[in-house]
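Please open the model in your viewer and keep the sequence panel beside it.

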Amino acid sequence: MTDRVLLNVVHLKKYFPVRKGLLSRVVAHVQAVDDISFQIRQGETLGLVGESGCGKTTAGRTIVRLLEPTGGRVEFDGKDVAAAQGAELRRLRRDMQIVFQDPFSSLNPRMTIKSIVEEGLMVHGLGSRNERLDKVRETLEQVGLDPSYINRYPHEFSGGQRQRVSVARALALGPKFMVLDEPISALDVSIQSQIINLLVDLREKFGLTYLFISHDLSVVEYISDRVAVMYLGEIVEMARSESLYANPLHPYTQVLLSSIPTMDPARRRRRIVLQGDVPSPIHPPSGCRFHPRCPWAKEVCRQQAPKLLEIDGHQFRCHAVEKEQMGSGDYELPKQRTLPSEAQLEEAELAATK
Amino acid sequence: MAVSDPLITIDRLKTHFFTDDGVVKAVDDVSLTIPKGKTLGLVGESGCGKSVTALSVIRLISPPGKIAGGRILMQSNGKAVDLAELSESEMRKIRGGKISMIFQEPMTSLNPVFTVGAQIMEAIQLHQDVNRAEARRRAIEMLDKVRIPVPEQRIDEYPHQFSGGMRQRAMIAMALSCNPQLLIADEPTTALDVTTQAQILELLRGLQADFGMSILIITHDLGIVAEMADDVAVMYASKVVEYAPVQELFEHPLHPYTHLLFKSRPELGKAKTEKLRTIQGMVPSPLRFPPGCKFHPRCPYQQEICRREEPELREVRPGHWARCHFAGELNYD
């Protein structure tokens with residue numbers, strides 16, 4: 001990993017219009033991604049976690065410009081992704097690739113593996129016919145598929161193999177950055193680790209940078225250098241992986257961690273069970289978006305949206321991060337949790353106001 | 001396993017599908033016991049036969065599939081009834097009454113054109129001799145028990161007005177409305193988010209304490225088994241390959257497949273320098289099972305005998321059964 005920032009996401013917003021009535025008037029907006037900012041350095045993997053509907057997939061798609069952003073900016077290698085056109089955009093499309101969740105619907109059933117992996121090369125006019133064929137074979141080998149399968153169709157492959165084909169399709173163009181959108185959640189348990197290991201190997205071999213989107217916190221911890229937690233379109237906490245898992249500060253992160261089933265039957269713990277469901281992103285709650293479900297919500301949380309604070313590189317968006325407010329009760333939380341001191345909080349508040 | 005107070009004893013069950021391509025032995029010689037008031041976890045990957053085992057118990061196997069052998073004994077008023085032998089009309093009294101089931105996708109299991117309440121009341125009136133008003137009262141009570149807020153209003157709403165978690169709660173309310181002795185839960189939380197999953201699992205545990213029913217929970221997630229089950233059976237390629245009380249299984253997995261399943265998941269809070277173990281290859285098709293031990297082509301510990309001879313399920317440690325020639329002899333460090 002280098003210090004060079006490869007991807008810079010600045011105040012990114014993506015709203016979808018809600019239309020109603022005879023004239024399809026826009027009556028409201030789904031605030032799928034509402035003002036998120038983060039950077040990913042070259043060779044780094046950022047994990048993006050959250051539950052369905054939190055906006056993590058929309059964020060991934062907007063970043064690679066499969067969706068046009070409503071506001072904010074995405075800079076890739078210093079270039080503005082949304083403003084890019086012509087040759088510059090084509091270059092960006094090679095450098096940024098995406099792998100989708102479901103390898104059953106993301107591969108065209110009427111195309112052979114060869115044409116699926118080759119298509120990107122053809123679109124970008126890379127290589128002669130023979131060179132492209134060599135490249136397809138080489139890429140298939142890199143993702144652990146037998147190149148002699150080249151003329152087979154997707155239905156002849158298992159889920160894990162299909163996901164390898166999806167990875168090969170992305171890899172063939174020699175990208176620098178890949179968005180991996182739930183790349184293993186459609187796969188069987190015994191196959192998931194094969195794909196995770198493959199992604200880790202490829203990252204090392206080609207120096208790839210990943211945005212790894214998932215709802216599976218154990219896998220995200222395993223593969224990510226840093227992790228961002230999304231709730232209702234916002235990033236509520238972001239930190240280095242070790243710091244986030246050992247010292248979760250936002251109540252929602254704590255709830256997520258507490259919800260994962262333990263692998264130890266002797267230690268069935270009391271978990272923080274959330275009340276209610278995720279509110280609608282059309283009318284997000286006032287103040288802190290998490291307050292209606294937060295076990296520690298206080299008056300200020302209902303009225304005022306918390307600012308994003310940062311202490312030692314650990315970002316969080318919460319009014320209640322104070323010793324008295326949290327960590328009480330009989331919930332099992334990470335053991336060495338250290339909450340920031342009042343002085344640290346004040347300093348962070350001050351920095352955020354500037 | 002010898003269980004002192006069994007509710008259901010599945011004895012050498014064979015459920016086969018007679019397809020044009022040949023006989024698919026989806027469940028082949030499976031014996032399991034579901035104790036009264038306890039939870040049996042049935043784990044395995046897609047196609048291993050875990051769901052077909054459950055569907056056989058509630059007799060929802062449709063042609064070309066059929067129960068080709070074995071017995072499913074249910075203790076009822078001091079007598080043992082063989083569910084595999086019952087006629088469809090006799091079975092209909094049990095299904096939804098003494099045994100009920102919830103499925104993975106609550107949206108597809110609820111009828112979108114009827115209100116949630118109407119569907120719960122239908123189940124109640126089918127099995128209990130009560131009038132509409134009483135059925136409605138009980139349905140509201142059940143919705144309240146599964147913690148649907150304002151149940152007297154929500155009872156008249158349609159499934160699409162419910163969130164995913166609420167739909168699964170409504171399914172649970174329906175399944176428990178006739179006070180069944182056995183609840184079969186087939187991947188009940190797979191379609192749900194982690195926080196909702198935690199809610200549903202907690203709810204099921206609480207309801208089991210209140211109602212005292214047995215639960216057969218089917219899942220691919222060992223974490224859910226650790227949270228819910230008293231006993232665990234691991235299935236692979238239509239057979240039970242390991243069977244033990246939950247703590248015993250997690251502390252001493254004996255079958256290489258179980259061991260590798262544990263090792264292939266990253267564990268929270270563990271160093272990530274270690275590479276994940278993988279299970280090479282893929283689950284074999286039930287039309288072309290390998291000879292000998294069905295796991296041998298994927299097993300890093302395979303020997304010559306594994307290719308030749310199918311191992312028996314045998315008791316390797318007290319109460320702990322495994323189907324492996326070398327169970328107990330392998331060193332898993």
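A search of the whole structure finds 38 salt bridges over all chains, a salt bridge being a side-chain nitrogen of Lys or Arg within 4 Å of a carboxyl oxygen of Asp or Glu. This is a predicted model, in which local features need pLDDT of at least 70 and side-chain atom pairs count only at pLDDT 80 or more, while totals for chains, interfaces and linings use all residues. Residues are numbered from 1 along each chain as its sequence is written, chains are lettered from A and ligands numbered from 1 in the order in which they are written, and side-chain values use heavy atoms, with hydrogens and water left out.

**Stop 1: salt bridges within helices**

Select Glu118(A) and Lys114(A), whose side chains meet in a salt bridge with N to O at 3.3 Å. Both residues lie in helix 3 (residues 113–123) of chain A, four residues apart, about one turn of the helix; helices (H or I, at least four residues) and strands (E, at least two) are DSSP runs, numbered from the N terminus. Glu118(A) is buried at a relative accessible area of 5%, whereas Lys114(A), at 24%, is partly exposed. Here buried means under 20% relative accessible area, exposed over 50%, and partly exposed in between, with a 1.4 Å probe and protein chains only.

Arg138(B) is partly exposed at 27% relative accessibility, and Glu134(B) is partly exposed at 22%. Back in chain A, salt bridges that share partners join Arg4(A), Asp77(A), Arg91(A), Asp95(A) and Lys176(A) into one network.

**Stop 2: a threonine in helix 4**

Which residues does Thr139(A) touch, not counting those up to four places away in sequence? Select Thr139(A) in helix 4 (residues 129–142) of chain A, and you will find Ala168(A), Leu171(A) and Ala172(A) touching Thr139(A), where contact means heavy atoms within 4.5 Å. Thr139(A) counts as buried because its relative accessibility is 1%. Its side chain also reaches the backbone oxygen of Lys135(A) at 2.6 Å.

**Stop 3: between the two domains of chain A**

Colour chain A by domain, with domain 1 at 5–227 and domain 2 at 247–353; these bounds come from an automatic or database domain assignment. The C-alpha centres of the two domains lie 30 Å apart, and ten residues of domain 1 of chain A are in contact with ten residues of domain 2 of chain A. The area buried between them is about 890 Å², of which carbon and sulfur atoms give 60%, buried area being the accessible area (1.4 Å probe) that two parts lose on being put together, summed over both. Gln31(A), Glu51(A) and Leu217(A) supply 50% of the area that domain 1 of chain A buries against domain 2 of chain A, more than any other three residues.

Between these domains the count is one salt bridge. On the side of domain 1 of chain A that touches domain 2 of chain A, the elements that give two or more residues are strand 2 (25–41) and helix 7 (217–223) of chain A, and strand 2 gives the most, with six residues.

Key
A polar contact is a pair of N or O atoms within 3.5 Å; within protein, one must be able to donate a hydrogen and the other to accept it, and residues adjacent in sequence count only if both atoms are side-chain atoms.
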